[in-house]
Amino acid sequence: MPKTLEIKDLHVSIESKQILKGVNLKVAQGEIHAVMGPNGSGKSTLANTLMGHPKYKVDSGDILVNGESIVGLPPDQRAKKGLFLAFQYPLEISGVPLAQFLRSAYRSVKGEGQQKTETKGVGGEMISALAFKKKLEEKLKEVDLDPSFTKRYLNEGFSGGEKKRAEILQMAILQPAIAIMDETDSGLDIDAVRRVAEVVSRMAGPEMGVLIITHYQRILDYIKPQFVHIMVDGRIFQSGGPELARVLEEKGYEWTEQQTTSTAN
Ligand SMILES: Nc1ncnc2c1ncn2[C@@H]1O[C@H](COP(=O)(O)OP(=O)(O)OP(=O)(O)O)[C@@H](O)[C@H]1O
Ligand SMILES: [Mg+2]
């Protein structure tokens, strides 16, 4: 059975201001969904709520992973259930080299329940340092990041594109069931967009589902979504196939505004 993320009639507020007003969406492992929509429509709010950011209050509705509600669970528990969030603006952590950060992230996410498959025959021990090093080297190549980066402090002095690649590296190491990516194209040059997108597409095989939030059709030329959703004013205004992204590119969001006002009147 593929793992699923199901968002049901989700209402979310921040500091008592209602932002999400009934979002419905279902993402299964192996599917790529894109969410587009004008600034301030609630896309990042959705991503942050999915990961359990404490500022975002779920007023009603539900978020289910494999049919079980995760509302109320802290972010690390959600990660253990297979969710991963790539931030719009990745954090810098001074004093923690990238390799160490990745290893502890890996341990914390895979720590319980999954260690049997990772260390078959090694008596329940966590992945060995050597095995992890091998995995890391392999994934570094995949995301095209120089191995010297693993010794540098997390994101400190990384360029925008390098931060993004470090984040995709984290995703490649953790192999989440569902990856939520917010604005992965921001700050990347054209070649970097293509490379990051290629890595993500490769990962998004039968093993990973992707919910990608983006403003640009450009990245969707490389990460090909089967489903495109347009969010307007805290709701999914319209869902469709990849052609919907093209309609948006041509007509812009004004088109959605006209549609919402005409249906409201
Ligand atoms: N921490 C916060 N405190 C107060 N208001 C917030 C907070 N976070 C988001 N909002 C408000 O919620 C609304 C939705 O914001 P959100 O960041 O979800 O939009 P978005 O669709 O991601 O926009 P963009 O395309 O610009 O990234 C905005 O009006 C924003 O000002
Ligand atoms: Mg946003």
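User: Great. Which residue takes a positive phi in the hairpin of β4 and β5?
Analyst: That would be N66, with a phi near 50 degrees. The hairpin has 2 residues between its strands. Do keep in mind that this is a predicted model.

User: Noted. How many bridges hold β4 and β5 together, and in what sense do they pair?
Analyst: There are 2 bridges, and the pairing is antiparallel. One pair to look at is V65, which stands opposite E68 in β5.

User: Switching to the open sheet of 6 strands: what's the order?
Analyst: Reading across, it goes β6-β9-β10-β3-β11-β12, and the pairing is mixed. From one strand to the next, the twist averages 20 degrees.

User: Why is one side of β6 and of β12 left without a neighbour in the sheet?
Analyst: Because β6 (83-86) and β12 (235-240) are at the edges, each has a single partner strand.

User: So how do β11 and β12 pair?
Analyst: β11, residues 227-232, pairs with β12 in the antiparallel sense over 5 bridges. Within that pairing, M231 has I236 in β12 as its bridge partner.

User: Now the helices. At what angle do α3 and α6 pack?
Analyst: About 35 degrees, with the axes 10 Å apart. α3 spans residues 98-110 and α6 spans 160-174.

User: Is that crossing left-handed or right-handed?
Analyst: Right-handed for α3 and α6.

User: Which residues meet there?
Analyst: From α3 you have L98, L102, A105, Y106 and V109, and they meet A166, Q170, I173 and L174 of α6. By type, the contact of α3 with α6 has 8 nonpolar residues, 1 polar and no charged.

User: Last topic, ligand 1. What surrounds it?
Analyst: The shell is I14, E15, I19, G37, N39, G40, S41, G42, K43, S44, T45 and K55.

User: Which helix gives the largest share of that shell?
Analyst: Helix α1, residues 43-51, contributes 3 residues, the largest share.

User: And how does the shell around ligand 1 divide by residue type?
Analyst: Into 2 nonpolar, 7 polar and 3 charged residues.

Note on methods: Residues numbered from 1 in each chain as written. Chains lettered and ligands numbered in written order. Predicted model: local features only at pLDDT ≥ 70, side-chain atom pairs only at ≥ 80, totals over all residues. Near = placed C-beta within 6 Å. Helix = DSSP H or I, 4+ residues; strand = E, 2+ residues; numbered from the N terminus. Nonpolar A, V, L, I, M, F, W, Y, C, P; charged D, E, K, R; others polar. Axes fitted to C-alpha atoms, helices over the stretch in contact; angles between N-to-C directions. Left-handed = near helix turned anticlockwise from the far one by under 90°. Contact = placed C-beta atoms within 7 Å. Pairing = 2+ DSSP bridges.
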